[in-house]
Amino acid sequence: MNKRISTLVTALLLTTTLGWQQPFATITANAKTTTQTTKKAKKVKKAKSTSTHIKLQGASNARDLGGYVNSKGQKIKAHRLIRSNGLSTLSKSDQKKLVKTYHVATDVDLRTVIEQKKSPDVKMKGVKLVKANVFKSFGAFPDFSKKGAADKMMEKSYHDAITTAQGRKAYKSLFHQLLKNPKNKAVLWHCSAGKDRAGMGTVLVLSALNFNKKAIAKDYLKSNTYLTQTNKENLKKQEAGWKAQGKTLTPTVVANFKAQNGVKMAYLNTMYKAVNTKYGNMDNFLHKGLGLTNTQLKQLRANYLTSAK
């Protein structure tokens, strides 16, 4: 009998050693591992959200918004929504790229009449030009020898673009073109630097397409990157012009020039503040300020968005 019991114990130890019968601690550990693996499996890989910088000889701040992913997991279709700076010096190859590669069919010029006459857009074959002046004209420049003069000027322009009938009329025109645009074509909107009037237009378009403020700000601030070389050249001209008037070029003056040439969150926040003060929120502004209906907003989203998966 003792021999039989000894044989059974040996067999049991052997099965345990070979792993056919696992100790409780091992089972518990494996269960935790399985649970962790299941949790990891449930995590959905977030789609990359990015736009494309369109490299042109005659425009440094041109971008295709296609590829941006909104808060609902939808991305903007490629070659449909283009923002840019001035188009007056586009080369032949630039024009071909915009028309053939990016399918631009409508050019919405947000500049003043004076700017449009002084530096008219290059006429691109098959592209409709729409003039939508956010401002009728610019007022007199403030005294740049005073600290913060440029910031105040820029913030006022962002406020006025939203609160004046002229500004709203221009952006209504932009959305009208977006609603009319064929499904296989692109709308391009621009101003001179492609950062302020075009930037605000982009804020409105992205807001209508369900993008949050963080994503919008990220796109907005990219102008500082793409305009780096252009702004260096502009600063040299501005400094030379200041000196030519017999004025002393101080650090304050230079700081004002740089503030005028760039974009800041303070400018964008001034726009949001103007929207909230007069309309309560951005959604109300799209409806009441620009006259967009729920049906039109749905149409915009159906036309320009697709699943990011």
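Leaving aside its neighbours within four places in sequence, which residues is L81 in contact with? The list is R63, D64, L65, I76, L178, V187, W189, V205, L209 and Y304. This is a predicted model. Its secondary structure comes to 14 helices and eight strands. The chain averages a pLDDT of 89.

**Confidence**
- At least 70 is the pLDDT score of 85% of the residues.
- Residues 1–41 stay under 50 in pLDDT.
- For residues 1–41, the model has six contacts beyond four places in sequence.
- Where pLDDT is low, the predicted coordinates should not be read in detail.

**Nonpolar cores**
- The largest nonpolar core has 61 residues.
- L81 is among the core residues that touch the most other members, along with I76, Y171, F175, L178, W189 and L209.
- A second, separate core has 14 residues, including I54, I82, Y102 and L188.

**The sheet**
- Six strands make up an open sheet with mixed pairing.
- The strand order is β1-β2-β4-β7-β5-β6.
- β1 (52–53) and β6 (128–131) stand at the edges and have a single partner strand each, so one side of each is left without a neighbour in the sheet.
- Strands β2 (residues 63–64) and β4 (residues 81–84) run antiparallel and are joined by two bridges.
- Across this pair, D64 of β2 stands opposite I82 in β4.

**Helix α7**
- α7 covers residues 197–208, twelve in number.
- From first C-alpha to last, α7 reaches 17 Å, close to the 16 Å expected at 1.5 Å a residue.
- Twelve of the twelve residues of α7 are buried.
- Among the buried residues are R197, T202 and S207, as well as M200, V203, L204 and L206.
- N210 follows α7 and has a positive phi, near 70 degrees.

**Whole-chain figures**
- The chain has 309 residues, and 43% of them count as buried.
- The chain exposes about 17600 Å², of which carbon and sulfur atoms supply 57%.
- Among contacts between residues at least 6 apart in sequence, 69% join residues at least 24 apart.

Terms used. Residues are numbered from 1 along each chain as its sequence is written. This is a predicted model: local features need pLDDT of at least 70, side-chain atom pairs count only at pLDDT 80 or more; totals for chains, interfaces and linings use all residues. Side-chain values use heavy atoms; hydrogens and water are left out. Helices (H or I, at least four residues) and strands (E, at least two) are DSSP runs, numbered from the N terminus. The expected span of a helix is 1.5 Å times one less than its number of residues. Buried means under 20% relative accessible area, exposed over 50%, partly exposed in between (1.4 Å probe, protein chains only). Two strands pair if DSSP finds at least two bridges between them. Contact means heavy atoms within 4.5 Å. Accessible areas come from the Shrake-Rupley method with a 1.4 Å probe; for residues, only the protein chains shown count as cover. pLDDT is the predictor's confidence in each residue, from 0 to 100. A nonpolar core is a set of buried Ala, Val, Leu, Ile, Met, Phe, Trp, Tyr and Cys residues joined through side-chain atoms within 4.5 Å.
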